[in-house]
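Subject: Structure handover and notes

Dear colleague,

I am passing on the structure below, together with some notes on what was found in it. Please read them with the structure open beside you.

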Amino acid sequence: NMIATARWMREARLLNIQGTAAASKTVPSLGTEVRSIPHARFVEEFRRQEADSAVRSLAATYRKRARKVDGPTAADILEAAKAYAVLKQLLAAEEADALTMECLTGLRIPHQHPPPCMGFMSLRDEGIAAGCQAVLNPALTLMLIQRLFDKPGFQQNAAMNTAKNLYFGSHCTAPSKMRGRSAAPEHYTLHHHAEAGWGCVPRVLFTPGQEVTMALYQCGQEPQMLVYSGRIVDCPPIPPTGGCRSNLQMTINEVSDVCDVKGMHQIIFYGNHAAELRAFCQLHGIPVVT
């Protein structure tokens with residue numbers, strides 16, 4: 001599986017929805033193709049997307065599965081489902097295996113499109129890596145983790161609770177099927193996007209006590225992998241906690257002070273797979289950093 005994963009990464013195509021120009025490049029060492037298309041293409045496709053029966057069915061599913069809806073209107077939820085449909089169309093049109101998107105630009109005034117966060121949740125639940133904010137390293141890590149362990153990941157902003165010596169991660173989207181596509185999903189609630197203050201995004205309620213791994217592949221001519229492990233303590237309420245909608249606090253096994261954790265937008269996924277991930281890195285000559 002470790003050999004097959006490296007081969008899949010070499011043959012895979014990552015769709016990057018960003019900027020104003022089409023382009024293509026290959027990631028050093030991994031060999032993954034990154035195909036960029038203009039952000040305006042997503043905007044145009046979204047404006048053309050109709051609220052057809054499939055879109056309405058998905059919107060109804062989002063609402064039905066949510067434990068609570070705090071903010072989003074029925075129209076917000078419908079637009080979130082339309083965004084998912086557009087993402088799937090672009091993946092198919094570009095024959096891509098995964099995607100990443102510069103999403104925040106479209107949320108500014110005037111609004112160009114809704115937050116794509118629900119679509120990202122659905123894609124990850126289906127086993128398709130979807131990276132936030134057109135950041136390459138997290139997107140590649142999501143792809144690698146999905147292929148190697150058949151589990152989606154939670155890309156998050158790094159912060160530290162220094163009073164309790166806990167790592168705090170948050171973002172406005174996360175997969176609900178953290179245990180894998182065939183396992184029962186985590187519960188979630190629906191809210192407005194934290195920074196934008198509108199739209200529909202999930203707050204996934206991660207399981208306290210669950211062991212997790214946190215990783216980030218850092219590409220380049222001399223790539224490396226950040227690897228940490230720990231256990232979820234809780235999902236702090238908002239307010240009083242700030243940050244994005246989906247959040248967790250976790251212990252870190254590898255360092256005594258959480259302020260020593262490296263990286264930003266690291267990928268957190270269920271299960272303690274640190275030893276297996278280190279073995280993968282050893283097999284493929286990737287230095288591990290903690």
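With which residue does Arg-35 form a salt bridge in which the closest N and O atoms are 3.1 Å apart? The partner is Glu-94, where a salt bridge is taken to be a side-chain nitrogen of Lys or Arg within 4 Å of a carboxyl oxygen of Asp or Glu.

Before going further, please note that this is a predicted model, in which local features need pLDDT of at least 70 and side-chain atom pairs count only at pLDDT 80 or more, whereas totals for chains, interfaces and linings use all residues. Residues are numbered from 1 along each chain as its sequence is written, and side-chain values use heavy atoms, with hydrogens and water left out.

Glu-94 is buried, with a relative accessible area of 10%, while Arg-35 is partly exposed at 24% (buried means under 20% relative accessible area, exposed over 50% and partly exposed in between, with a 1.4 Å probe and protein chains only).

Arg-41 is partly exposed, with a relative accessible area of 26%. Through shared partners, salt bridges connect Arg-13, Glu-33, Arg-35, Arg-41 and Glu-94 into one network. Within it, the side chains of Arg-35 and Glu-33 meet at 3.6 Å, N to O, and Glu-33 counts as buried at 19% relative accessibility. A search of the whole structure finds 11 salt bridges.

Setting aside neighbours within four places in sequence, Glu-94 is in contact (heavy atoms within 4.5 Å) with Arg-13, Leu-15, Arg-35, Ile-37 and Arg-41.

Two helix pairs

Helix H3 (residues 53–65) and helix H4 (residues 74–93) pack at an angle of about 125°, with their axes 8 Å apart; axes are lines fitted to C-alpha atoms, for helices over the stretch in contact, and angles run from 0 to 180 degrees between N-to-C directions. That makes H3 oblique to H4, given that angles under 35 degrees count as roughly parallel, over 145 as roughly antiparallel, 65 to 115 as roughly perpendicular and the rest as oblique. Among the residues that make the contact are Val-55, Leu-58 and Tyr-62 of H3 and Ile-77, Ala-81 and Tyr-84 of H4. By class, this contact of H3 with H4 has 10 nonpolar, no polar and 3 charged residues (Ala, Val, Leu, Ile, Met, Phe, Trp, Tyr, Cys and Pro count as nonpolar, Asp, Glu, Lys and Arg as charged, and the others, Gly among them, as polar).

Helix H1 (residues 2–11) and helix H7 (residues 274–283) pack at about 65°, with their axes 10 Å apart, and H1 and H7 are therefore roughly perpendicular to each other. Their contact is made by Met-2, Ile-3, Thr-5 and Ala-6 of H1 and by Glu-276, Ala-279, Phe-280 and Leu-283 of H7, which by class gives 6 nonpolar, 1 polar and 1 charged residues.

Conventions:
Helix = DSSP H or I, 4+ residues; strand = E, 2+ residues; numbered from the N terminus.
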